[in-house]
Amino acid sequence: MSFQHKYPLDERSYIEVSREQENDKWAAKIMLNLYVSDSPEAGEAGYTEVARMMLRSLEPLVEQFGADDFVQHGLKSVLPGKGYAHKLHEFLISHHNGFPFPVANVYSTDPSIDNIYFVQRNQPRLYISESAIKFWSKRVEQGKAEFVQDLKRYRITW
């Protein structure tokens, strides 16, 4: 069994959430995709994916976290600065209790601990990108995230 559901944000956009099940257990990752349309009357073909976020369970990676704690493993927006990534966070804050699986919290990635690396040319292990730090810092300023000193990670504030 899998979970795949579209959540309308307004008449021009929706977020699709998907998570697979493996052997009657939820898979370690959750995908969130934001779609926007300039002409919603065109139906499915009129929508374009503008942002994507992958959440990955921390349980097998880091001892102090449970199966319902996730890291924001990947966050991509086709047009940075348009607020698409922020919409995904806003959606998580308002909808995380409505999923058929629990999401206790979402943290920033610490690749040195999580063993998740972002590979870029001439920089084989980019730990947390400058854009990610800026993104999380904005969320902190808005009161929608906090920096947890003990964990050296950002966390969404529900």
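# Helix 1 and its surroundings

Q: What makes the reach of helix 1 close to the expected one?
A: Helix 1 (residues 84-95) has twelve residues, and its first and last C-alpha atoms are 16 Å apart. The expected span is 1.5 Å times one less than the number of residues, and for helix 1 that is 16 Å as well. Keep in mind that this is a predicted model: local features need pLDDT of at least 70, side-chain atom pairs count only at pLDDT 80 or more, and totals for chains, interfaces and linings use all residues. Residues are numbered from 1 along each chain as its sequence is written, and side-chain values use heavy atoms, with hydrogens and water left out.

Q: How do you know which helices and strands the chain has?
A: They are DSSP runs (helices are H or I with at least four residues, strands are E with at least two), numbered from the N terminus. The chain has three helices and eleven strands, in the order β-β-β-β-β-β-α-β-α-β-β-α-β-β.

Q: Is H86 buried or exposed, and how do you know?
A: Buried means under 20% relative accessible area, exposed means over 50%, and partly exposed is in between (1.4 Å probe, protein chains only). H86 has 19%, so it counts as buried. H86 lies in helix 1, where the buried residues also include Y84, A85 and F91.

Q: What does H86 touch?
A: Leaving out residues up to four places away in sequence, H86 touches F135, K138, R139 and Q142. Contact here means heavy atoms within 4.5 Å.

Q: Is A132 buried, exposed or in between?
A: A132 sits in helix 3 (residues 130-141). Its relative accessibility is 22%, so A132 is called partly exposed.

Q: What makes a set of residues the largest nonpolar core here?
A: A nonpolar core is a set of buried Ala, Val, Leu, Ile, Met, Phe, Trp, Tyr and Cys residues joined through side-chain atoms within 4.5 Å. The largest has 27 residues, and those with the most contacts inside it include V17, I30, L92 and F99. Elements giving two or more residues to this core include strand 2 (13-22), helix 3 and strand 11. Helix 1 gives the most, with five residues. Another core lies apart from it, with six residues, among them L58, F65, V71 and L151.

Q: Why is the pair of F135 and W136 given its name?
A: Rings of Phe, Tyr and Trp (its six-membered ring) pair if their centres lie within 6.5 Å; planes under 30 degrees apart are stacked, over 60 edge-to-face, and the rest tilted. For F135 and W136 the centres are 6.2 Å apart and the planes stand at 85°, so this pair is edge-to-face. F135 is buried at 9% relative accessibility, and W136 is buried at 1%. The whole structure has eleven aromatic pairs.

Q: How do you know that R19 lies over the face of F101?
A: A charge sits over a ring if NZ of Lys or CZ of Arg is within 6 Å of the ring centre and within 35 degrees of the ring normal. R19 lies over the face of F101 at 4.9 Å from the ring centre. F101 also belongs to a ring cluster with F3, Y7, W26, F91 and F99.

Q: Why do strand 10 and strand 11 count as a pair?
A: Two strands pair if DSSP finds at least two bridges between them. Strand 10 (residues 145-148) and strand 11 (residues 153-156) have four bridges and run antiparallel. E146 has R155 in strand 11 as its bridge partner. Four residues lie between the strands of this hairpin, and K152 takes a positive phi near 55°.
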